[in-house]
Each structure stands twice: as structure tokens, then as C-alpha cells.
Amino acid sequence: MRMLIMGPPGAGKGTQAKGVAEHYGIPAISTGDMFRANVTDGTELGLEVKRIMDSGGYVGDDVTNAIVADRLAQDDAEAGFLLDGYPRTIPQVGALDELLAERDHPLNHVLSLSVDVDQLVDRLLKRAETEGRADDNEEAIRTRMDVYNKETSPLLEIYRGRGLLVSVDGLGGVDEVSDRIYTALDAH
Ligand code: B4P
């Protein structure tokens, strides 16, 4: 199974990606997690992306495409994967299309999680208290929402047009949302 999980910041992508990937026995690959690991380790890439991430902007497409291409070349992604938070821009969609076409590995599903905006802000501010992520402050959250609406939400129509989109309501408890996801994917 090769799939994507998409949704606005705070929709529960990272939370659901881990459970869904385990359920289907595939790796969950999060560009956000990979960038954060580089920031924590103080790598050259981490130094380059920290300021962008903290402000709520998107890391450049070339850097992001390269990190994903490297990760998908690893053995554990051969039998399938769940990409969490990638692609987020139209050029990233093109880069992923090329990469998958080279291997003759088409996508099976694009899962979209939708949640009301007020709920999203509440969740992210709650996470700010528990995890202290630098981009979970009101100003950065507002920027992330704006960038999502402008750059990423148009991708849903692209994947809908390809017959890949599976939309799930992300409102409710974590297990309740997971059950909805399994039902929707099995029916797709
Ligand atoms: P991400 O790590 O993808 O950040 P995110 O959009 O906030 O999603 P996340 O997975 O963390 O949150 P989730 O909705 O699961 O990216 C971070 C940054 O990296 C980006 O802003 C950008 O700078 C950069 N980046 C990453 N990918 C990129 C790309 N492709 N191109 C360019 N730049 C890129 O969860 C939010 C909170 O809600 C959690 O605290 C969770 O506990 C809670 N929650 C989840 N489900 C819930 C539920 N059902 N009920 C209540 N709370 C719930």
C-alpha cells in the first residue's frame, strides 16, 4: 500500500499516520519529523530549516523533494509507505509523480483529514503546553493555516481528479477517527 495523509495543521495527521501505518505494516514517513530531527541534531540542514519552520513557512521544494527521495530509496519503503505531510505544494506533487513513475509504483490512496479551524487552533495551543514546539504559537499557527490554504489545499482537487481522494472527518477521539479511516480505506 502506498498512500498519503493530508490535512491542515493540527488535523491529526501525525497522530493518525503512526496508527494507520502500523495497521497496514508500512513505514510512516513524516517530512515534519525528519526536519525536526535535523534541527535537534544541529545538522547543516537543521540550521537551514529551523527559522522557516519556527515562523510557520514551508521549507523549499528542492530540499524537501531530496529528503523524501532519499527516504523512499530505503529498503523498508519498497513494499509500501504512508507519507505524512508530503507533498504540500504543486511542484512537490510533480516530484513525487516522477519518483513513483520511475519505479512503476503508483499511489493507492490519498487520505484527507478535515477538522473545523477553531478546533485546530485549540489542539495546537494545547500541544504547545505539553510539547513546547517552537511553531505552536498563535502567530506561527496563523501563518501555517494561511500557507496551507494557499499552497496545499489545491492539491486535494488534483488527487480527487485522479480518483485517489478519501476524505474522513477528523473530529472526535483518536480511536474513533482511526476506525473511520480504516472503514473508508477498505471501501475505497
Ligand atoms: P508537520 O510536522 O507536518 O506539522 P503539522 O502540520 O502541525 O502536523 P502534525 O502532524 O504535527 O500535527 P497533527 O495534525 O498530527 O510540519 C511541520 C513543519 O515542517 C511545517 O510547518 C513546515 O515548515 C515543515 N514541512 C513539513 N513538511 C513539509 C513539506 N512537504 N514542504 C515544506 N515544508 C514542510 O496533530 C496536532 C495535535 O492535535 C497533536 O498535539 C495531537 O495530539 C492532537 N490531536 C490529534 N488528533 C486528535 C484528536 N482526534 N482529538 C484531539 N486532539 C488530537
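**Note on the predicted model: backbone, helix packing and ligand**

1. Proline 87 sits in the loop between strand E3 (81-84) and H5. Helices (H or I, at least four residues) and strands (E, at least two) are DSSP runs, numbered from the N terminus.

2. The model is predicted: local features need pLDDT of at least 70, side-chain atom pairs count only at pLDDT 80 or more, and totals for chains, interfaces and linings use all residues. Residues are numbered from 1 along each chain as its sequence is written, and side-chain values use heavy atoms, with hydrogens and water left out.

3. Aspartate 104 has a positive phi, near 55°, and is not a glycine. Its place is the loop between H5 and strand E4 (109-114). Most residues other than glycine have a negative phi, and most peptide bonds are trans.

4. Helix H4 (residues 61-72) packs on helix H5 (residues 90-103) at about 25°, with the axes 10 Å apart. Axes are lines fitted to C-alpha atoms, for helices over the stretch in contact; angles run from 0 to 180 degrees between N-to-C directions. H4 and H5 are therefore roughly parallel (under 35 degrees; over 145 is roughly antiparallel, 65 to 115 roughly perpendicular, the rest oblique). Their crossing is right-handed (the near helix is turned clockwise from the far one by less than a right angle).

5. Which residues of H4 and H5 meet? From H4 come Asp61, Thr64, Asn65, Ala69 and Leu72; from H5, Pro91, Gln92, Ala95, Leu96, Leu99 and Arg103. Contact means heavy atoms within 4.5 Å. The set divides into six nonpolar, three polar and two charged residues (Ala, Val, Leu, Ile, Met, Phe, Trp, Tyr, Cys and Pro are nonpolar; Asp, Glu, Lys and Arg charged; the others, Gly among them, polar).

6. The axes of helix H6 (residues 117-131) and helix H7 (residues 138-161) come within 11 Å and cross at roughly 135°. That makes H6 oblique to H7. H6 supplies Leu120, Val121, Leu124, Leu125 and Arg127; H7 supplies Glu138, Ile141, Arg144 and Met145. By class, this contact has six nonpolar, no polar and three charged residues.

7. The ligand is surrounded by 28 residues (a heavy atom within 4 Å). The closest are Gly12, Gly14, Thr31, Gly57 and Arg144. Arg144 also belongs to the H7 side of the contact with H6.

8. Glutamine 92 places a polar side-chain atom 2.9 Å from a ligand nitrogen. Gln92 is also among the H5 residues that meet H4.

Technical notes: A polar contact is a pair of N or O atoms within 3.5 Å; within protein, one must be able to donate a hydrogen and the other to accept it, and residues adjacent in sequence count only if both atoms are side-chain atoms.
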